[in-house]
Amino acid sequence: MTTTDTPPSNADNSVVPESPAANQAPVAQLEVPGNSPAKIIISSLKLDPAQIPKNFTPDSDGNSANLDPSFAADTPKASETSFISWHVHLKTDDGVIKLLLPTLSDTSNDTGWSEIWEQIQQRLAGAKRFWQPLTPVHLYAQDRLIDTRQLQVIANALEEVQLSLQLVHTSRRQTAVAAATSGYSVQQHNPHNLAMSKDALAEPLYLQMTVRSGMEIRHPGTVVIIGDVNPGGEIIAAGDIIVWGNLKGIAHAGSRGNDQCLIMALQMFPTQIRIANFIARSPEQQPVNLEPEVAHVVEGAIRITPSIESKRIPALVDRSTQNKNRFF
Amino acid sequence: MVRVIVITSGKGGVGKTTVTANLGMTLARLGAKVALVDADFGLRNLDLLLGLENRVVYTAVEVLAGECRLDQALVRDKRQPNLVLLPATQNRKAEMITPNHMKWMVGELSHQFDFVLIDSPAGIEMGFKNAIAAAQEALVVTTPEISAVRDADRVVGLLEANNIRPAHLIVNRLRPAMVEANDMMSVADVGEILALPLIGIIPEEERVITSTNRGEPLVLDTTKTLAAEAINNIARRIQGEKVDFLNLDVPKEGLFTRFRRLISLK
């Protein structure tokens, strides 16, 4: 622990790695001061290519109770850009709501219209409270082909939440023609005009919804969920993940490899949490009392800290000192 | 020589996944190297039944998309080293799976395992076609209900059309007392319609519910149940042993019970 304001008596909050046997995941054990039984035991290991058995044979290891075949994985970092499909995005800007579709290069090839459409509906449902009725909407279709019928479907969906589609930005001539014939304003631009810098984080994605089994929220920035993340639901964010509710599914923060990212939840009992290329899972037994907690990476492992002690999390400490420096 | 067996039923909720999990566990305990393949893409459950949900990092879809190797997606069972699971994916990407994908994956697995058990989804659509694509043999699970038997019959026809034989029949969730009272189809009734060789009869067992919720297959339960014994016998029959079927007859009334009933009547 590198925090300075920690009284030594609280040091039992730190990671206690078991002697790491060969191929064995280091086990992080977290004890909350005052509560004698360990509240959360999380075994955690880095997705280290060195740990991958080159040839997996089911009978080769005597100590095969360990998780290597499943956890041994190339760092997600390496292949991240290739398979992450950034989602449909809603953004309020200057009295206008921008409905941004992912570009073809941002999504995997199999992301078809049905998926885009489902995401549009999801986003609209998740943010209903935040706009005035009849706010104009600008659709950023990027390099996607959108035909007249699809434009109509989008316009109808917007109407249902009392928004009105007015302008279509596109880099494709056919989409521009379709939009013009449907009576919307059109702005055609170069394909690369709008291309978001791949490294910059997008604006936070704010969703008021229950993330249910089979749902996957991917966002190139921070994700805020007002609601629960059920088992089988998955959130993958390039920034932090904040769940105002129960986190029971999978949360992957810092998906592009930033291990300073945090995962916070009112009740944290995730199937798995991943931060950058670290991974951890919950103990088999659900603890009786769950309190708001923060997951972060310390000394090569994911650790979970109660929120009341979150000031001791290095990532949070650093940010506050930076702010102080700016003011004085 | 690997044996690739699909567990299928047509109707949902008859116990395909439970049978797959328990059978896989039993075969592994008998010393065989077993891979379970969850072919129920989009609504996977096999990982839950085995209590392995929180160990799933990659699924079959990531393997097929070239994002990881097949062996990275295999989840080794936490109790039984001979057993691994190839999990299905939860999300939409499942639509990309084709029968050829399944053939390739099972082909890769067949080098390393003695048994590949494929848990088929309910229905006879794409998911079912994927599940049977790579299979050499089938286990048809049905319950003694008219709807389940009807669907199983349809599935048997499709299996025959796809040249998957032998197919064996498992009658699941039998209630001997109800059969006795003529309130439930008997195994003979089911067998007469489906005309498949019977490989096992599993009685209804309440503990299945607790074992499912705990992620501990029934066959690992310390309390011995008839259902677990029945599954054990099926595993041994699959391996070619001759095992007598369990006696599931309702015990005849003894002197004592008759006496007690007389008392309670008064």
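Visitor: What makes S6(B) a mostly covered strand?

Guide: In this predicted model, 6 of the 6 residues in S6(B) are buried. Buried means under 20% relative accessible area, exposed means over 50%, and partly exposed is in between, with a 1.4 Å probe and protein chains only. Glu137(B), Leu139(B) and Val141(B) point one way, Ala138(B), Val140(B) and Thr142(B) point the other way, and all are buried.

Visitor: And where do the names and numbers come from?

Guide: Residues are numbered from 1 along each chain as its sequence is written, and chains are lettered from A and ligands numbered from 1 in the order in which they are written. Local features need pLDDT of at least 70 and side-chain atom pairs count only at pLDDT 80 or more, while totals for chains, interfaces and linings use all residues; side-chain values use heavy atoms, with hydrogens and water left out. Helices (H or I, at least four residues) and strands (E, at least two) are DSSP runs, numbered from the N terminus.

Visitor: How do you know that S6(B) pairs with S7(B)?

Guide: Two strands pair if DSSP finds at least two bridges between them. S6(B) and S7(B) have 5 bridges and run parallel, so they meet that definition. Thr142(B), for one, stands opposite Val171(B). Strand S1 (residues 3-8) of chain B is also joined to S6(B), by 4 bridges and in parallel, with Thr8(B) partnering Val140(B).

Visitor: Which strands are the edges of the sheet?

Guide: The sheet is open, with 8 strands in the order S3-S4-S2-S5-S1-S6-S7-S8 (chain B) and mixed pairing. Its edge strands are S3 (75-76) and S8 of chain B, each pairing on one side only. For S8(B), that side is S7(B), joined by 4 bridges.

Visitor: What does "right-handed" say about the β-α-β unit of S6(B), H7(B) and S7(B)?

Guide: With the strands pointing away from you, the path from the first strand over the helix to the second runs clockwise. The unit made by S6(B), H7(B) and S7(B) is right-handed in that sense.

Visitor: Why are the buried residues of H9(B) said to be on the same side?

Guide: In helix H9 (residues 187-194) of chain B, the buried ones are Val187(B), Val190(B) and Leu194(B). They cover an arc of only 65 degrees around the axis, which puts them on the same side of H9(B); the arc is that of the directions from the helix axis to the C-beta atoms. On the other side, Ala188(B) and Glu192(B) are exposed. As background, an α-helix has 3.6 residues a turn, so residues three or four places apart point the same way.

Visitor: How do you know that Trp113(A) and Trp117(A) are stacked?

Guide: Rings of Phe, Tyr and Trp (its six-membered ring) pair if their centres lie within 6.5 Å; planes under 30 degrees apart count as stacked, over 60 as edge-to-face and the rest as tilted. Here the centres are 6.0 Å apart and the planes are at 15 degrees, so the pair is stacked. It's the 1 aromatic pair over all chains. Both residues lie in helix H3 (residues 113-126) of chain A, 4 residues apart, about one turn of the helix.

Visitor: Is Trp113(A) buried or partly exposed?

Guide: Partly exposed, because its relative accessible area is 22%.
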